[in-house]
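Here's a quick briefing to read alongside the model. Have the viewer open and follow along.

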2 protein chains.
Amino acid sequence: MTYRLGIDLGGTSAKVAVIDSRFRLIEIASVPTSGFPTPKDAVALIAKASKQMNYVKKVSRIGIGVAGDIDFDRGVVRISPNLGWRQVPLRSLLAKHFKHPILVDNDANAAAWGVYRCQTPGRIQNMAVVTLGTGVGGGIIANGKLYRGATGSAGEIGHMIIDEKGPRCNCGNFGCLETFAGGPHIVAYVKEALRKGKKSSLSQLLQRNPAQLTPRAVAMAAEKGDAFARSVWDRVGHALGVAFGNFIYLFNPERIVLTGGVAQAGRLITKPLWKTLNKRTFKTPLKAVQIKVAPGSSHIGVIGAALLDP
Amino acid sequence: MTYRLGIDLGGTSAKVAVIDSRFRLIEIASVPTSGFPTPKDAVALIAKASKQMNYVKKVSRIGIGVAGDIDFDRGVVRISPNLGWRQVPLRSLLAKHFKHPILVDNDANAAAWGVYRCQTPGRIQNMAVVTLGTGVGGGIIANGKLYRGATGSAGEIGHMIIDEKGPRCNCGNFGCLETFAGGPHIVAYVKEALRKGKKSSLSQLLQRNPAQLTPRAVAMAAEKGDAFARSVWDRVGHALGVAFGNFIYLFNPERIVLTGGVAQAGRLITKPLWKTLNKRTFKTPLKAVQIKVAPGSSHIGVIGAALLDP
């Protein structure tokens, strides 16, 4: 049996895990990374947590997924807003603690690779994994390989522009998919509509405890038949339908997997999504694609990092 | 020296050509295909033209690009509106006339492959070729290979939706890139604006001889400083900028090549295109991409067909 070490490095914590050659999670640990640690400190913490693991000595290679813009070939974090890092030679820093081959990739790519390797039938060769959470991230598999493009920046499906006159995005542009399907944007849209007098069971919740007005609460209201709450998900599904339609026409995948907290609304999203998709006129690529919702709370990011290939 | 036979089959004519292993065009012939020929008749005409060529006996393989939706693996034309064909087993029909390995692909894919193999430096691995003509077609090269996707339908960049509330497209949808950047749509937009009283040197042309109001005439007026004509190209460039921005975020290519008649407007298009692209906030993929205009009137489609690989 061979083992690999995976690291999922975000702005709140870093997960470290050992997986075996059957992709099973053997050990996992977590270290805090909030408060913008220096790269050296973060790497030291990760190395310490790894060395306390029983199986670390059996590990043959290391993969790390980092939230940010990554130069995969050079193993450099170009920029990570969540960590406050710029031009960090992460592979070199890790190499001071580990003798193994080390691969550094974007965290969305690592998660997409994890979904592809662990949750997807082998016949599927072309796929996207789209994470609907605070942001909307993506990773693309083309011809059975993680597709990185010229600079490792491929797969930014969340910042496809759906409507140039749409809401302002955190990225600075207007009408990105994320402004329709990202959690905080959905909540802001609901609050604005309720403030303007929309009738909904959610207005009581907003008055009683605004913090509880989450995408999950909007999904529960919709499930109970709240018409406004349903219309909110129709809007999310429609935006995803426009974006996925464009993506499918370009990329002709066999599967798109939705994951992350917001995606757990499930059929509330996929039904209007397909309604919009079915308005497209070229049917061959539509018939070829399945859209699946995957559970969002697993360790797929750290497992995918461990499974990264050169 | 080895030789290949290429065929570029459209709704007006079929080009047949022999190329050598240095990608040079050795012989070329053309046969008419207008009036919706039966598949059998069209194949017989193509075979006859081929057999009259001097080098056809030295040919080791055959590639054919067809305007339509193609099943590459099975060598079947699923549908070709230009030829009036449905479910035509083109590879089997050709195999009755030729003993060589035969590959059947979409004509836009063949042209993209021709541009990639003949006009692109080897270091470039990820690219799109976008043809701006009557329609807007596309082909994608990923990791140095023609990217076909699940059903050979990939690369339909012309039918990405730029603005859901935009003009109606021939495909039946609204606001596809083609409705902004396809030749007939540009001309229709100009005529409509002139009818509504826009001041432009083009209004004389419209009155005198409407048939001369072509994209080329609009480009010439813009070059001479006609403000309205310039604004027409600004609109084309902006629409391409939105579409290419989305494409670049997804696909992170090193190069996009514009070809076809409309693309010959050159900097009139690429300047506003880059203005729109530069509003995007993630700079890494923008810095990595070049946008080039290639001459549109070459034999690159038939050469690309000859060069198709399994």
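This is a predicted model: local features need pLDDT of at least 70, side-chain atom pairs count only at pLDDT 80 or more; totals for chains, interfaces and linings use all residues.

Residues are numbered from 1 along each chain as its sequence is written, chains are lettered from A and ligands numbered from 1 in the order in which they are written, and side-chain values use heavy atoms, with hydrogens and water left out. Helices (H or I, at least four residues) and strands (E, at least two) are DSSP runs, numbered from the N terminus.

**Two copies**

- Helix 7 of chain B spans residues 215–223, and its buried residues are P215(B), A217(B), V218(B), A219(B), A221(B) and A222(B). Buried means under 20% relative accessible area, exposed over 50%, and partly exposed in between (1.4 Å probe, protein chains only).
- Those buried residues pack against four helices of chain B: helix 5 (183–195), helix 6 (202–208), helix 8 (227–251) and helix 9 (267–277).
- Just past helix 7 of chain B, G225(B) has a positive phi of about 100°.
- The largest nonpolar core counts 104 residues, and W233(A), F244(A), W233(B) and F244(B) have the most contacts inside it. Such a core is a set of buried Ala, Val, Leu, Ile, Met, Phe, Trp, Tyr and Cys residues joined through side-chain atoms within 4.5 Å.

**The five-stranded sheet in chain B**

- The open sheet runs in the order 11-10-9-12-13 with mixed pairing (two strands pair if DSSP finds at least two bridges between them).
- Its edges are strand 11 (145–147) and strand 13 (290–293), each pairing on one side only.
- From one strand to the next, the twist averages 25°. Axes here are lines fitted to C-alpha atoms, for helices over the stretch in contact, and angles run from 0 to 180 degrees between N-to-C directions.
- Strand 10 (residues 136–142) and strand 11 of chain B run antiparallel and are joined by three bridges, with I140(B) partnered by Y147(B).
- Helix 3 (residues 107–119) of chain B lies across strand 9 (127–132), strand 10, strand 11 and strand 12 (255–259) of chain B, at about 50° to strand 10.

**The three-stranded sheet in chain A**

- Here the order is 5-6-7, open and antiparallel, with strand 5 and strand 7 of chain A as the edges.
- Neighbouring strands are turned by 15° against each other on average, direction ignored.
- Strand 6 (residues 76–80) of chain A has four of its five residues buried, so it is largely enclosed by the rest of the structure.
- Three bridges tie strand 6 to strand 5 (residues 69–71) of chain A; D71(A) is partnered by V76(A), and D69(A) stands opposite I79(A).
- Three bridges also link strand 6 to strand 7 (residues 85–88) of chain A, where V77(A) faces V88(A).
- Each hairpin has four residues between its strands: G75(A) takes a positive phi near 70° in the hairpin of strands 5 and 6, and G84(A) takes one near 70° in the hairpin of strands 6 and 7.

**Cysteines**

- There are zero disulfides over all chains (a disulfide is a pair of cysteine sulfur atoms within 2.5 Å).
- The sulfur of C169(B) has its closest cysteine sulfur in C171(B), at 3.9 Å, too far for a bond.
- C169(B) is buried at a relative accessible area of 3%, while C118(A) is partly exposed at 32%.

Methods
Contact means heavy atoms within 4.5 Å.
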